[in-house]
Amino acid sequence: MQLQPHILAAIRKHAETPAQRSFYLYDTAPMRGKIKNLKALLPENVRIYYAMKANPHNAFLVAAGESDAHGIEIASLGEAQKAVDAGFSPEALIFTGPGKSPEELAWSVSNRIETVHIESLTEAHRLEAICATLGQTQDILVRVNPNFHIHGAQANFSGDSSKLGVDESRLNEILPQILALPHLNFRGLHVYSASGILEIKDLLKNCELVFNLARRVEDTYQGVRCDIIDFGGGFGIDYLETGNDFSPETYAKSLKGMIDKFGFNDRQFVLELGRYLTADSGWYCTEILDIKHSLGKKQVICAGGAHQFRRPVALGINHPLTIIPMHRPQIFEGQEVADNESVFIGGPLCNTADKLAPKDIHVDRAEIGDIAVFGLAGAYGYSMSHLDFLSHAHPLEIVLR
Ligand SMILES: Cc1ncc(COP(=O)(O)O)c(C=O)c1O
């Protein structure tokens, strides 16, 4: 992983005076560029929402706002509050996720958020009762757990028994009941099948299946129109640096072709993007506190571990690693170094699951006192970690812009 000079300089500066020995560094420039690029490439009826679960730090919300993202996909009242604090109007919020509480639904209706994405019949009835009490209607999408799997995804959410959405195979039974609720205004479907998709053909296959589903719904129920079709997130990131990166140009062109083919130009499409927008806007940096030799392998122990950067071990994916030499004084003569070898790298937790790279990883050179920098850490980094385990200080989140 090649670090840009300003990123390298910022990491060095903060590492030289370690108020804390681990930190996340954020530079939202890549995110801003990606939103602007997608907006320029995609047809106007494709709207980009930032799925803030990827990184709820205010800097990312502000970057989404300043780059004219259409709105924010929220999954809790806490996220709603953060989005509003960052300057988004509640009307720019769409609310997805299973198990929405009565309080969350009441807040959504009272604050007139754009759409609530219904995940079950219970949720539809709960929302209906809240709307009736408040004397309001609410625009909804119905989230469907489709009958298909997307090949080539890092994680599949569809095709199996799922807490997400209403099974496609039960739609004929459930959808009419939702459509009959007088305070819910059906606007369309939400189908988010898989995440971490790098192949455009896989994303396109998903679109085609969803478009066919929308057609079937419209053919089955007189007067029902899927004005909005939400594909969720899912654009992949090349964590393994294979060079097979996601191409927004090809995606935009192919999606436009698909929309034309189905004659869906008068519909609105929603993308809820998280990882793709933020991953390359963040780096997790932690000081190497110890290197030791154990049964034929070097163990590199950092100040921070899986409690601060949980994603690699949780998903079994190594993030790109760069070691920044700090040339600190030796602690004792003959102390271990890692030199052009494959090492274990982890943190200070007292368990073997504390890995910063789930698979042994090659380092050219690492010395005690150097800084291990994990790239593509802007998505699902800080907020997905279990920061209080062992009660270490939380890593700082340092924002360059
Ligand atoms: C409903 C929903 N939308 C969007 C996203 C963002 O997905 P990604 O980060 O893969 O773009 C998620 C992630 O879990 C999600 O659950």
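# Notebook: strands, core and ligand shell

I began at C302 and listed its contacts beyond four places in sequence: T286, E287, I288, L289, I345, G347, L356 and A372. The model I am reading is a predicted one. C302 sits in strand β14, residues 297–302. I counted 27 other C-beta atoms within 10 Å of C302, so the residue is buried.

**Entry: I291**

I moved on to I291, which belongs to strand β13 (residues 282–294). The C-alpha atoms of I291 and C302 are 8.9 Å apart, and the two residues are eleven apart in sequence. Is I291 buried or exposed? I have it as buried, because 21 C-beta neighbours fall inside 10 Å and the cut-off for buried is 20 or more. Setting aside neighbours within four places in sequence, I noted contacts from I291 to K298, V300, E336, V337, A338, A366 and I368.

**Entry: the whole chain**

I stepped back to the protein chain and found eleven helices and 19 strands. The radius of gyration is 23 Å, close to the 21 Å from the globule rule for 401 residues, so I put the chain down as being as compact as a globular protein of that length. I read the spans of the C-alpha trace along its principal axes as about 80 × 40 × 40 Å. Of the 401 residues, 44% count as buried. I also looked at contacts between residues at least 6 apart in sequence, and 74% of these join residues at least 24 apart.

**Entry: domains**

I wrote down the division of the chain: domain 1 is 5–26 + 280–399, and domain 2 is 97–231 + 234–273. Over C-alpha atoms, the centres of domain 1 and domain 2 are separated by 38 Å.

**Entry: nonpolar core**

I looked up the largest nonpolar core and found 107 residues in it. I72, V142 and L189 have the most contacts inside this core. Which helix gives the most to the core? I found helix α8 (residues 200–220), with seven residues. Both domain 1 (5–26 + 280–399) and domain 2 (97–231 + 234–273) supply at least three residues to this core. As background, nonpolar side chains in soluble globular proteins tend to be buried together.

I took L189 as an example and left out its neighbours within four places in sequence. The contacts of L189 are L141, V142, V144, V210, L213, A214, V217, C226 and I229.

**Entry: ligand shell**

I counted 16 residues around the ligand. Which of them are closest? I listed A51, S195, G233, G274 and R275. By class, I sorted the shell into six nonpolar, six polar and four charged residues. Strand β12 (268–273) and helix α10 (275–278) each give the shell at least two residues.

I then followed β12 to L273, which lies in that strand. L273 counts as buried because it has 25 C-beta neighbours inside 10 Å. Beyond four places in sequence, L273 touches I48, Y50, A51, G233 and F235; A51 and G233 are also among the residues closest to the ligand. From L273 to Y49 I have 6.3 Å between C-alpha atoms, across 224 residues of sequence.

**Entry: positive phi**

E241 is not a glycine, yet its phi is positive, about 50 degrees. I placed E241 in the loop between β11 (228–230) and α9 (248–262). E241 is partly exposed, because 13 other C-beta atoms lie within 10 Å of its own.

L376 is not a glycine either and has a positive phi of about 55 degrees. I placed L376 in the loop between β18 (371–374) and β19 (396–399). With 25 C-beta neighbours inside 10 Å, L376 counts as buried.

**Entry: N37**

I ended at N37, in helix α2 (residues 29–41). Why does N37 count as partly exposed? N37 has 14 C-beta neighbours inside 10 Å, and partly exposed runs between the limits of 12 or fewer for exposed and 20 or more for buried.

How values were computed. Residues are numbered from 1 along each chain as its sequence is written. This is a predicted model: local features need pLDDT of at least 70, side-chain atom pairs count only at pLDDT 80 or more; totals for chains, interfaces and linings use all residues. A residue is near a molecule or strand if its C-beta atom, placed from the backbone, lies within 6 Å of it. Helices (H or I, at least four residues) and strands (E, at least two) are DSSP runs, numbered from the N terminus. Ala, Val, Leu, Ile, Met, Phe, Trp, Tyr, Cys and Pro count as nonpolar, Asp, Glu, Lys and Arg as charged, and the others, Gly among them, as polar. Two residues are in contact if their C-beta atoms, placed from the backbone, lie within 7 Å. Domain bounds come from an automatic or database domain assignment. A nonpolar core is a set of buried Ala, Val, Leu, Ile, Met, Phe, Trp, Tyr and Cys residues joined through C-beta atoms within 7 Å. The radius of gyration is taken over C-alpha atoms; the globule rule is 2.2 Å times the number of residues to the power 0.38.
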